[in-house]
Amino acid sequence: MGVFIVSHAWSPVQFTLVQDRFMARPCFGVRHCFSSRLRLIPLFTPLRRRVATFKSRCSIANVVLGDATDTQVEENFESPDCKYTVPVVNIKSDILEGEALNLLPEGAYVNTLLTAIHVLSEEEQNIIAATPAHPAGLYALYASCLAGNLVEQLWGFASPAAIALLHPSLLPVAAMGFAAKVAVIVGGPVVGKLMDHFPRVPAFNCLTIVQAVAQLLSVLVITHAHSFHDTSSNFLFRPWFALLAFAGAVERLSGLALGVAVERDWVVLLAGTNRPVALAQANAILSRIDLLCEVAGAALFGFFLSRYEPVKCLGFAATLMIGALPIVILSTWLTNKLSHGVLDRAKSIQACCTCHSNGSFLDTESIAGMSLKAIKHGWVEYIQQPVLPASIASVLLCFNVVLAPGCLMTAFLTQRGLNPSIIGSFSALSAFMGIAATFGSAQMVKRFGILKAGAASLILQASLLSTAVVVYRTGSLTRQTQLLFFLGLIVLSRLGHMSYDILGSQILQTGIPASKANLIGTTEVSFASLAESIMFGVAILANDVSNFGFLAMLSVLSVVIAALLYCRWLANPTDTQRSLFSFDPHFLH
């Protein structure tokens, strides 16, 4: 704490400048919450009072006019209740006089300052917009996603395939899927709140380990069922199936939380929020990795399942899980290391201070109370987000579970007597159409801007699916050419669907603050799971093949409503929307 006296010979003025050394200490556990403060206090104030003021306030500024001498004095004062030494130095103001601040002619200083500012050209701005903030960290993140998604997609195909071999009906797989959806709906906001209150890298590694343990536990349970040939009709009530359903729910919830953390938080920090082209390219690469892992995982496990017994195939899956776990953890550490610790940044100083001041909320509340509070808080934050229409559009697209490659479409085509090779080609072409969308999304952002590109994607999907429904309703699809044309329209619609999936993620990345990214993201996933559950419930009630047209109408209606809602939001922008997307020249003009 230093005290300086500045005296003018012509006009005595005294300033006491006190620099707080101790403000650099962490505040509420957050390092460098505030920078060191400078303050001015009157000299005639007693030292004890000045020290007390120093302890209780962050910054105070007072200016006192009075007499000053031209002598230099150095003294040390000590307060009875404070052991800190206070040096006092008297500096003559004539040292500051002369030609200070007169190095430039009058009026030329401001002009020189303004002309020194370099204005980027449009080409330079485009280069910066397409350059990630941390390219090396992004490559490490891609490696982590490749290893983790390969195991997750392989298990996503292996688990229902192995369970289906236990029982001839679809009931076990449906029960497992229902348990996973319920876990996501209930536990999504809770996991999101936990991830928002803990450091990124430790929370990510913890969830990765939890997911791997749940997968290995599922492998052991299914292997046990295959070894003992427990295929009785009431095996749904066996303890091992309850354990399998629990492990599957935990695995799905952990996987979705990891995906939300990467897509809504990590990639934004590594690519840069104000670099839309780089962020769009990073989102496209992540979607590309996910789709390629989906194709590779299904093909790999399907190949092994066609040649070996299910138990050996499950052993291969377990080996792959164990081998991929250290790779994911190491790649996560490298991501933070190569990005110069950008993932260690605090998500919200206010949240951190609240967390440290109130203590751990896990200790002060019961698990049930905390869960209900987290779910309610997640819903409130979800509704209050500035890009709510874009998020609702994503949820509405989840109602389309009929006019999309999936279990319902596969069952319908099988009932129509279509060749299994054509059914497989339909699924493969839909996946590759999604990969093509990952390449075109970045070009769409360059040409139309992020918001208008999202509208174009929704309009494209709604138009193609509406045409497909018209083809289905006007013709009975008895001829194979009509059926193939119907399937071709659905395949082309996947281009718009996957494009909006990428662009919608970028819109939500831009509009949602980092302190709430996981909470709002997992809440959105829970709403999406609720939408899928509703459509599956309607399909269970209308399970006859003749009702497929009614289900198709519901699916295309949800897509049309999503497109209309998004376009209306785009046509009537708010001030908040203009502020968030001020970097988008196509939106502002």
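Predicted model: local features only at pLDDT ≥ 70, side-chain atom pairs only at ≥ 80, totals over all residues.
Biologist: What makes L418, I423, F426, L483 and L487 contacts of L413?

Modeller: Contact means heavy atoms within 4.5 Å, and, leaving aside neighbours within four places in sequence, L413 meets that criterion with L418, I423, F426, L483 and L487. Residues are numbered from 1 along each chain as its sequence is written, and side-chain values use heavy atoms, without hydrogens and water.

Biologist: Why is the set of 56 residues that includes L413 called a nonpolar core?

Modeller: A nonpolar core is a set of buried (under 20% relative accessible area) Ala, Val, Leu, Ile, Met, Phe, Trp, Tyr and Cys residues joined through side-chain atoms within 4.5 Å; in the largest such core, L413, F486, I507 and Y566 touch the most other members. Helix α16 (450-474) is among the elements that give two or more residues to this core, and the largest share, eleven residues, comes from α16.

Biologist: How do you know whether L338 is buried, partly exposed or exposed?

Modeller: Its relative accessible area is 39%, and partly exposed lies between under 20% for buried and over 50% for exposed (1.4 Å probe, protein chains only), so L338 is partly exposed.

Biologist: Which stretches call for caution over pLDDT?

Modeller: pLDDT stays under 50 over residues 1-115 and over residues 349-364, whereas the protein chain averages 74.

Definitions and conventions
Helix = DSSP H or I, 4+ residues; strand = E, 2+ residues; numbered from the N terminus. pLDDT = per-residue confidence, 0-100.
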